[in-house]
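Visitor: Could you walk me through this one? Let's keep it quick.

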Amino acid sequence: VSTSAETLPRIKPLNSSGCRRWFRKELLAASLILPAAAVVFAAMLIPLVYALWMSLFNYRIGGETKGAFIFFGNYLRFFQDPEAILSLGITLVFTFGAVIAEIVLGIGIAILLRSVPNRIGKVLRGLYCMPLLISPIIVGLIWRYLYDPTYGLAYYLLGLFGLSNAFGGLQEPSSAIFCVMLADIWETTPFVLLCATAGLANIPSDLYEASTIDGASAGQRLLYITLPMLRKVIAVVLIIRGTDAFRVFDLIYALTGGGPANSTLSLSIYAFKKGFVENQMGYAMAIAIITMIILIALFGPLMKALYART
Amino acid sequence: MKMLVAAGIAAGILGLIHVTDARAESVELVISRWAGPHADDQAELLKQFEKETGITVKMDAIDYGQLRQKQTLNMAGKTGGYDLVWVQEVWLPEYAASGFLRPLDEYVKDSALTGKDFDFSDFQPSLIKIATVDGKLYGLPTFIQTPIMVYNRDVLSKAGLNAPKTWQETLDVAKSLHSKGTGIALPAKQGLAAVDVWIALDRSNGGDYFDKSGKLDLVTDANVETAVFWKNLVGVSMRGSTNWHFDDVNKALEFGQAPLGISISGLLNALEGQESTVAGKVGYSPLPYKMRPFGTLSVWNWCIPADSKHPQEAFRLLAWLTGKYAEKALSLKDGQICARQSVLKDPELVSKFPWLPAVSEALSNADTQPRTKNAPKLMDAMEAALSEVATGSAEPKAALQKVQDQLAADFQ
């Protein structure tokens with residue numbers, strides 16, 4: 001295929017003052033973006049590239065320059081390590097269980113609060129949001145005592161119904177992860193409630209009025225108006241809470257430390273143990289990178305779809 | 001005129017000396033240790049050091065769980081953020097091998113730095129050996145802990161039970177208490193406390209992690225028998241024990257919920273304190289034994305990071321903190337057990353703290369956890385294995401076999 005000068009679109013050449021103007025304008029834009037770009041580069045990309053590079057080594061803290069280059073050895077090890085696979089499974093169970101419950105409860109409470117008088121709704125919303133103000137490590141300590149069979153409120157209440165012996169709490173591997181999920185739900189449902197409340201405020205009331213005139217039931221209004229109109233809010237909450245829950249550390253650290261019998265060993269706790277307890281920093285870095293890759297695989301498509309629609 | 005010049009020079013020299021002194025006095029040392037009542041007492045005592053020397057001391061006391069991580073990150077990054085670090089004996093070989101610590105051999109010989117109160121030969125020789133790596137001294141021992149069995153004398157005598165000593169006696173007493181709704185309070189949470197107790201029980205039974213050649217040898221008759229005993233003991237423990245650490249057990253003992261339990265020497269002072277509901281009613285003994293009493297030793301050492309900006313001043317503080325005066329003062333305050341032989345025999349201390357004889361007995365036959373490079377891997381695996389045994393997730397022999405298979409190659 002030949003291209004001649006005549007077939008190319010004609011571009012109006014800039015004279016020297018136009019050139020200067022264009023250059024000044026671009027320079028101004030670049031200089032305005034530069035600080036933000038530098039922060040992103042320094043605070044996000046450098047540590048990420050460093051972690052990625054160091055995950056290819058077998059090294060200990062303080063021995064960064066003496067580490068052995070093992071290429072993808074740490075990544076292969078992860079998929080052959082039964083404890084790592086167990087921690088991945090536990091993390092997935094925790095993430096899906098906690099996030100689904102939080103979204104259902106958060107949206108449910110937001111819808112219910114909309115139907116109560118405004119003043120009462122505001123007070124209740126404020127009360128429900130209080131757990132959000134507590135740091136996760138403190139939430140862990142609070143729930144650790146709530147779950148304690150000797151002093152805890154949970155066992156006291158169950159005891160009133162003769163059920164205290166039926167509840168394993170944090171002591172038994174079969175129930176510990178659900179106890180951790182409950183503490184997380186208590187802490188973060190208010191976040192979903194706030195997002196859902198903001199989303200509900202944006203739904204035009206005409207839609208509800210019209211549907212009521214048309215004879216739609218409350219269930220139909222929920223299914224065909226509220227939930228579709230909250231689609232974007234749900235997607236955003238899913239991304240924020242999902243990525244957060246998948247990286248859970250402090251709550252589990254305070255409640256169980258990963259036990260009993262590794263039943264609450266999340267990926268972050270596992271990476272921490274490998275890095276800072278066993279001093280296998282290369283492997284810990286690889287676990288952190290694998291966590292990031294799984295998060296991208298799980299939530300990347302959702303984020304892409306959200307951006308596309310926006 | 002000459003007089004004036006001489007006076008001027010003298011004034012100049014004096015001024016210089018004053019400036020130099022002012023600089024020495026403006027030194028601020030940052031020390032790293034875990035937070036808690038012991039740290040508060042120590043912080044109070046440090047005011048006296050500040051007054052005596054003019055050196056300011058800032059204590060960075062944080063949760064034990066994050067201490068190693070924070071110290072490691074600081075020293076690996078050569079931030080110079082710490083001048084003195086409190087180091088557990090199991091971390092010390094690794095810190096020394098990583099070049100994080102400054103050898104102290106020359107400092108301890110320098111009487112200008114140690115002061116008069118310092119007597120190096122007074123330290124327990126076995127503890128100095130623990131702080132020595134490849135022939136170099138990297139720390140001075142100061143705070144010793146060992147698990148101790150605690151029992152409520154009143155409850156036991158009302159139930160017609162004697163204070164237990166052996167495995168069987170302990171099981172029988174715990175079983176009897178368990179049938180009445182309590183049991184023995186154990187630090188059986190997945191963590192190092194459970195491993196510390198288990199290895200002491202195991203060594204009292206003639207077991208250990210390694211064979212004579214140093215290879216990992218977990219599935220021996222003695223080790224399996226100890227793991228079975230651990231399972232049986234948890235079976236008659238108070239509810240909650242499988243998620244309890246030493247501090248939870250101590251609370252249950254302090255407020256009278258637990259009539260029998262395994263706590264640690266550093267927390268026992270609370271049992272005789274004003275808030276305790278059992279003060280004066282509690283008895284202490286070494287851990288239950290099969291053949292002979294045995295203790296697990298945990299020693300905290302003061303060390304100087306290699307990147308300290310003020311190593312000489314840091315050593316002055318180190319020598320002061322491990323000196324007889326400061327150790328006795330702290331022991332009198334909270335019953336801490338120090339590494340100085342003369343202080344441990346002090347009659348004033350012995351009369352004040354009733355558990356000291358039990359601790360001395362436990363320490364007379366005690367050892368630390370392994371301190372080799374791969375020891376943290378073994379501890380982590382044993383924590384999970386003992387938690388599996390305690391919760392019935394695995395049989396004792398299978399749990400030990402799993403650790404053996406997993407780590408045999410690391411301990412050849």
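Visitor: What are the ground rules?

Guide: This is a predicted model, where local features need pLDDT of at least 70, side-chain atom pairs count only at pLDDT 80 or more, and totals for chains, interfaces and linings use all residues. Residues are numbered from 1 along each chain as its sequence is written, chains are lettered from A and ligands numbered from 1 in the order in which they are written, and side-chain values use heavy atoms, with hydrogens and water left out.

Visitor: What are the ipTM and pTM?

Guide: ipTM is 0.82 and pTM is 0.83.

Visitor: And what is the mean pLDDT of chain B?

Guide: Chain B has a mean of 90, with 94% of its residues at 70 or more. Chain A also averages 90, and 95% of its residues score at least 70. pLDDT is the predictor's confidence in each residue, from 0 to 100.

Visitor: Where does pLDDT stay under 50 in chain B?

Guide: Over residues 11-24. That stretch has one contact (heavy atoms within 4.5 Å) beyond four places in sequence. In chain A, residues 1-5 stay under 50 and have zero such contacts. Where pLDDT is low, the predicted coordinates should not be read in detail.

Visitor: Now pockets. What is the volume of the second largest pocket?

Guide: About 740 Å³. A pocket is an open set of points on a 1 Å grid over the protein atoms alone, with protein on both sides within 12 Å along at least five of seven lines; lining residues have an atom within 4 Å of a point. Grid points are joined across faces, edges and corners, and a volume is the space filled by probe spheres set on them.

Visitor: Which residues lie nearest its centre?

Guide: A:R247, A:A288, A:I289, A:T291 and A:M292, out of 24 lining residues. Helix 13 of chain A gives the most, with 10 residues. Helices (H or I, at least four residues) and strands (E, at least two) are DSSP runs, numbered from the N terminus.

Visitor: How many cavities of 30 Å³ or more?

Guide: Five in the whole structure. In a cavity, a 1.4 Å probe fits but cannot get out. Helices 18 (375-391) and 19 (396-407) of chain B each supply at least two lining residues.

Visitor: At what angle do helix 2 and helix 3 of chain A cross?

Guide: Roughly 75 degrees, with the axes coming within 5 Å. Axes are lines fitted to C-alpha atoms, for helices over the stretch in contact, and angles run from 0 to 180 degrees between N-to-C directions. The two helices are therefore roughly perpendicular, a label for 65 to 115 degrees; under 35 is roughly parallel, over 145 roughly antiparallel and the rest oblique. A:F78, A:F79 and A:Q80 of helix 2 meet A:P82, A:A84, A:I85 and A:L88 of helix 3.

Visitor: Which peptide bond is cis?

Guide: The one from A:G259 to A:P260, with omega near -5 degrees. A:P260 sits in the loop between helix 11 (250-255) and helix 12 of chain A. A:F71 has a positive phi of about 55 degrees, though not a glycine.
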